[in-house]
Amino acid sequence: MASDTMMKKTKHIENKDRISDLPDSVLLHIFSFLKTTPYTVQTFNLSKRWKNLWKKFYVLFLDSECFNTLDVFTKFLSQLLCLRDQGTALHAFKLFLSRQHIIEPGLFESILKHTVSYNVKHLELLVIRCNIQHFPSSLLLCRTLTSLYFHVIPSLYNKPKILFPNSLNLPSLTNLDIGSVSFLGGTEPFSTCPKLTSLMIFNFNILGEQNLCISSTTLVKLTIQIRFKPENGNKIELSTPSLRTFAFIGSPIQILYLSHLSYVEHIEVNAYLWRHHLEAPSILLSWLLKLDKIKIFTVSSNILQVFSLVPDLLKVKFHSLCNLKKLIIKKKPLEYGVYKALLKSKLEQVPAASQKEVSNLREAFIQGSLIIPKGIVRFLLQNSPSAEVRCYSNR
C-alpha cells in the first residue's frame with residue numbers, strides 16, 4: 001500500500017511542469033540564449049502561462065534567412081516591436097539581413113526608431129544590402145546605447161559608402177565597431193563620446209584632402225582593419241592618451257601618425273601581404289622603434305618571414321622591446337607573391353653554402369606548411385631574453 005502511494009507521488013512529480021513554476025526573470029534569462037527570436041516567440045504555444053511572456057523578451061535576434069520573403073520578415077518584425085511590453089527595456093537587439101533581401105531606407109529607419117524607443121543598450125546591425133546613404137539619424141538620439149556594431153553595405157558594389165556623421169551624440173557608448181562607412185576628413189567624429197573605451201573601424205575610406213582625427217581621452221583599445229592605402233593619401237591622426245592596446249589587421253601602410261601611441265602596451269599585427277605590399281615590414285619596424293612601452297607583441301608569421309627584406313635589419317637595436325613580456329606568433333603560410341620576392345632575395349644575397357635554406361623555403365611553400373623564422377625571433381628578443389614566446393595556427 002505504502003509502495004503504491006510512493007509510486008503515485010513519484011509519477012505526479014515526474015508529470016509536473018517544473019519549468020513553468022520558475023519565475024519570469026529566470027525564464028526570460030533562459031530564452032535570451034536562443035539563437036533567433038522567431039523560434040523563441042513560438043514558445044507561447046507550450047504553456048498558457050507563457051502566452052504573453054514573449055512580449056517581455058529583452059534580447060531580440062532577427063535573421064531574415066529564417067523567413068521565405070522580406071515581406072514576411074518585415075511583417076513579423078513590425079508586429080513584434082509594436083506588441084512588445086512598453087515597460088520592458090530592450091537590452092540587446094541583433095539584426096541580420098542576408099544578401100538576397102534589400103531593405104529600403106524608410107523601413108530601416110523605422111526599425112531603428114522602434115528599437116531606440118525601448119532604450120536599447122546593445123545593438124548589432126549586419127545588413128548585406130541596403131540603399132541608405134547616411135548614418136541613421138535615429139541612432140544619434142539613443143542615450144542608453146552602450147555597444148554598437150554597425151556594418152551596413154550599400155546594395156551596389158560601386159556605390160559610395162554610408163557617410164558617417166561628423167560627431168556622435170551617444171553619451172553612454174563604450175564599444176563601437178563600425179564598417180563600410182566614409183569619414184569626412186578634418187573631423188573628430190568620436191570626440192563627443194565621453195565613455196568610449198573600445199573602437200574598431202574597418203572597410204572605410206576618408207573623403208576630402210584632410211586627415212581623420214580619432215580624438216578620445218577614454219579610448220583604451222583601437223583596432224584598424226584596412227588593406228589598401230586611402231585614395232587621397234589621407235592619414236589618421238590619433239589623440240588618445242589612454243590607449244593601451246592597438247591592433248592592425250591588413251597590410252601595414254603609412255596611415256598613422258604615431259605621436260600618441262607611445263603608451264601602448266599591447267600591439268597586434270595580423271597581416272595580409274601581397275607582392276606590392278613588401279614595404280610592410282619596414283613600416284612595422286618604424287612602429288616598433290617608436291613604441292617603448294610594449295609588453296605584449298602579437299604578430300602573424302608572414303610579417304616575420306619577410307623581415308629579412310628590410311635593409312640593414314641586423315644593425316637595428318630594438319630598445320623599444322626591452323619591456324616585452326610575451327611574443328605571440330600567429331602562424332600563417334606565405335602568399336605566392338611574397339614567397340617569390342623572398343625567394344629572389346635569398347637567391348641574390350645568401351652564399352652558395354646556404355642554398356639549403358632556399359630549398360627548405362621552397363619545400364615549405366609547396367607543401368603549404370607553416371614556417372617560423374627562428375633567427376628573426378631571436379633578433380627581436382635580443383633586448384628582452386626572458387620574454388615568453390607562444391606560437392599557434394591562425395589559418
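Predicted model: local features only at pLDDT ≥ 70, side-chain atom pairs only at ≥ 80, totals over all residues.

Me: At what angle do α4 and α5 pack, and how far apart are their axes?

Reply: About 25 degrees, with the axes 10 Å apart; α4 covers residues 70–83 and α5 covers residues 105–117. Axes are lines fitted to C-alpha atoms, for helices over the stretch in contact, and angles run from 0 to 180 degrees between N-to-C directions. Helices (H or I, at least four residues) and strands (E, at least two) are DSSP runs, numbered from the N terminus.

Me: Is the crossing of α4 and α5 left-handed or right-handed?

Reply: Left-handed, which is the term when the near helix is turned anticlockwise from the far one by less than a right angle; clockwise would be right-handed.

Me: Which residues meet there?

Reply: From α4 you have Thr 74, Leu 77, Leu 81 and Cys 82, and they meet Leu 107, Ile 111 and His 114 of α5. Contact here is heavy atoms within 4.5 Å. By class, that contact has 5 nonpolar residues, 2 polar and no charged ones. The classes put Ala, Val, Leu, Ile, Met, Phe, Trp, Tyr, Cys and Pro under nonpolar, Asp, Glu, Lys and Arg under charged, and the others, Gly among them, under polar.

Me: OK, sheets. How many strands form the one that starts with β1 in the order?

Reply: That open sheet has 12, in the order β1-β2-β3-β4-β6-β8-β11-β13-β15-β16-β17-β18, with parallel pairing. Two strands pair if DSSP finds at least two bridges between them. At the edges are β1 (59–63) and β18 (388–393), each pairing on one side only. From one strand to the next the twist averages 5 degrees.

Me: Where does α5 pack on the sheet?

Reply: α5 touches β2 (92–97), β3 (122–130) and β4 (147–154), and its direction makes about 175 degrees with that of β3.

Me: What about the β15 end, how many bridges between β15 and β16?

Reply: There are 4, in the parallel sense, between β15 (residues 266–271) and β16 (residues 296–300). Val 269 stands opposite Val 299 in β16. Next along, β16 and β17 run parallel with 5 bridges, and Ile 296 has Lys 326 of β17 as its bridge partner. β17 and β18 are also parallel, joined by 6 bridges, with Lys 326 partnered by Glu 388 in β18.

Me: Switching to charges: how many salt bridges does the rule give?

Reply: It gives 2, counting a side-chain nitrogen of Lys or Arg within 4 Å of a carboxyl oxygen of Asp or Glu. One pairs Lys 330 with Glu 268, the closest N and O atoms being 2.5 Å apart. Lys 330 lies in β17 (residues 326–331) and Glu 268 in β15, so the pair ties together parts 62 residues apart in sequence.

Me: And which strands make up the 3-strand sheet?

Reply: β5-β7-β9, in that order, open and parallel.

Definitions and conventions:
Residues numbered from 1 in each chain as written. Heavy atoms only, no water.
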